[in-house]
Amino acid sequence: MSTSTSVKHRGLIIRVAIPSPLRRLFDYLPPSDSEQTIYPGVRVRVPFGNREVVGLAVECVNQSNLETGRLKAISAVLDVEPLFTPALFRTLLWGASYYQHPVGEVIHSALPGRLRLGKSYKTARIIWRVTGEHTEERVTALGRAKKQRALLELIENSGELADSEVEASGFSRSILNQLRDKQLIEKHWVAVADQGFFPAIDESGLQAPTLNNDQQAAFQSIARRLDEFSCFLLDGVTGSGKTEVYMQVMQRQLARGRQCLVLVPEIGLTPQTVTRFKKRFACPLVVLHSGLTDADRVAAWNQARNGSAAIIIGTRSAIFTPLANPGLIVVDEEHDASFKQQDGFRYSARDLAVMRGREEGVPVILGSATPSLESLHNCSTDKFDHLILSERAGNAVFTSMELVDISQGTLDSGFSEQLLYKMEQHLNARNQVLVFINRRGFAPVLSCTTCGWLAECDKCIAQLTVHTKPPGLRCHHCGTSRKLLSGCPICKSRDLATFGVGTQKIEEFLKSRFPSCPVIRIDRDSTRSRVRFEAMLEQINKGDSCLMLGTQMLAKGHHFPNITLVVVLDADAGLFSADFRGQEHMAQTIIQVAGRAGRAERAGEVYIQSRHAGHAVLQSLVRGSYAEFAQLLLMERQSAAMPPFQHLALLRAEAKELQPALAFLNRVGAHAGTLCAKQNLAIDRVGPVPAPMEKRAGRYRVQLQLKSPSRGMLQEFLSHLCVQIESMNQPAGLRWSIDVDPQDLI
Ligand code: ADP
Ligand code: ZN
Ligand code: ZN
């Protein structure tokens, strides 16, 4: 006799994505006591192990591989309609499979925090309207209650008043309640979708400059394809008018009532950017970034989702914002490394933007003065349309670039005599000078001159950086800090010396060298306080002569029109970096920093110090152009069989000891070998080997590099391999991850 539990379940099964490290969906029965329909995309609360979790219904199927008796029921359905639009939902599912990441975690990271926790998401809002039977007598009965009369009048004249706007309109809750009690007004629930799309903008009143020829050509190419997906690389130096092109395309779409999503790098999201859009377009604009409170994030997310926000500006994770009626996606500074998430769901917001544009059927513009090699390659294979702006817009003057050979001669705190002389000239002419150095702190090395001891982090294989403000030794990799020592811990000698220079040491040097000139240091340490940072920017924007020195932070977003001299103190770190993108990043940073110079009427000069001034890569950057330089690097990548010519994935394992991590990846490597042989896949495997940064934050790191000329083949291989890894025995305390299209191999 067969029992019902011995057959596999047939009937309605809901497959749910749950935040768990397992790369699969979980089957559930519909809730036992609810008639509510479950659509793919709604949140559900389900029993999972011995707890309850919030998951997302992904699909409804007829059959489960589990037996009925083992299937549990959904405990609650949390939404009446899907949270993600269909195109976004498809993009997320694609992202989970492309980046080989558990789909539950992908969906989780795409939701604002409070929705992840299962808090209710209002798809309706409250408004107030005057009651049907409201008569003259009742109004007269209000007598001299002036406030009540005024509120009633406001609601009557505008037809309705949102509950959330009562206070903002200058009325208290008690005034409102009195009108309600007198039955002059009544409460209504309106579905959020009925809130209405933002009103299409009126183009006639807009003040936009006439585009120059390059801009016009770029604009026309995009404007011809406003209703379909295509990807455009807008390639032009800083100041060539890329933002103006974005804005004119946005204008077209906003005039048709379609929303525009603009992604900017983490550091590029300045009030300047937002102000510029606001000044041009009088339409609802929302900003999404990591500094928002969760309530604000949900509010902005909601406005984007219901179509009442016209422009959505945000950093990396804003690519997950649902859009009711999208018309355009822009990724500004598309080469920027901050678009790649470096832990958890390791996605590239730029690459997801392209996939999202395809799913939504809207154009995507990637803009940069220094496009990534990936995007340039996509142009040469005709996947992207290459639009070039070759001149600076307006009347800005072009910048000249020169190398300063420092292989001979001595340096004074990192500066050659030639450079100091140049700086003096520019400061004497009352101009602004910018010094770029990619190292914060005082000095990167503290060492004992007697026995050779080096101050090292005990949690990382790395040296500690000396800081003077506040004093201490700090590890830039794990954040550990220690007291500054006055003697050597090994030989007790008092002769400790610092080597190399960081921003703080240079600040000290510049202050004593140019005592009459203000020195402004801009790095992560000096700008922790937003107020202080804005004060610094204000001082710079006043235009008085000053010396600025700073790190990467200077390279993005901000415009400093009065700078006439830019000094790059040391180009060599990037030239010989262990990272395969080191040279690309070095050139991008130098050009971005140089782009700060000469934006106004004054011509700018850029000087780059190097001990290898004859190096072909530096020469092509300085004598030629970024385009020429990029071609050279692309040829090198091709002969080294590296991205974008080959596709990379990195399997990482970390543990408290080196051995278990290495042993684990060795077993993975063996599986990988068998898999390749069995399925005849051409996957190149390197490792496992300890990572270049072998120990970080107390954990040893090992990596296995996987490479293939075919993206599809690599994808197929990885999805099989992940299933096998999940079923392997994992030593306690070991963590493993997979990084598809890694930013670096460090
Ligand atoms: P990018 O985004 O490439 O750095 P912007 O769009 O910010 O360049 O343009 C640089 C400056 O030139 C801005 O002040 C902008 O207002 C101005 N500008 C851009 N295009 C034009 C144009 N066609 N005519 C006049 N000024 C322009
Ligand atoms: Zn010593
Ligand atoms: Zn450390």
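**Close-up views of two ligand sites**

**View 1. Around ligand 1.** Helix α8 (residues 242-255) supplies three residues to the shell around ligand 1, the most of any contributor; helices are DSSP runs of H or I with at least four residues, numbered from the N terminus. This is a predicted model, where local features need pLDDT of at least 70 and side-chain atom pairs pLDDT 80 or more, while totals for chains, interfaces and linings use all residues. Residues are numbered from 1 along each chain as its sequence is written, chains are lettered from A and ligands numbered from 1 in the order written, and side-chain values use heavy atoms, without hydrogens or water. The shell holds 16 residues, with T210, Q215, G239, T243 and R276 coming nearest (near means a heavy atom within 4 Å).

**View 2. Backbone contacts of ligand 1.** Look for a polar backbone atom of T210, 2.7 Å from a nitrogen atom of ligand 1. Oxygen atoms of ligand 1 take part too: one lies 2.9 Å from a backbone N or O atom of G241, and one is 2.9 Å from a polar backbone atom of K242. On its own, ligand 1 has 560 Å² of accessible area, and the protein covers 73% of it (Shrake-Rupley method, 1.4 Å probe).

Note on methods
Polar contact = N/O pair within 3.5 Å; in protein donor to acceptor, adjacent residues only side chain to side chain. Helix = DSSP H or I, 4+ residues; strand = E, 2+ residues; numbered from the N terminus.
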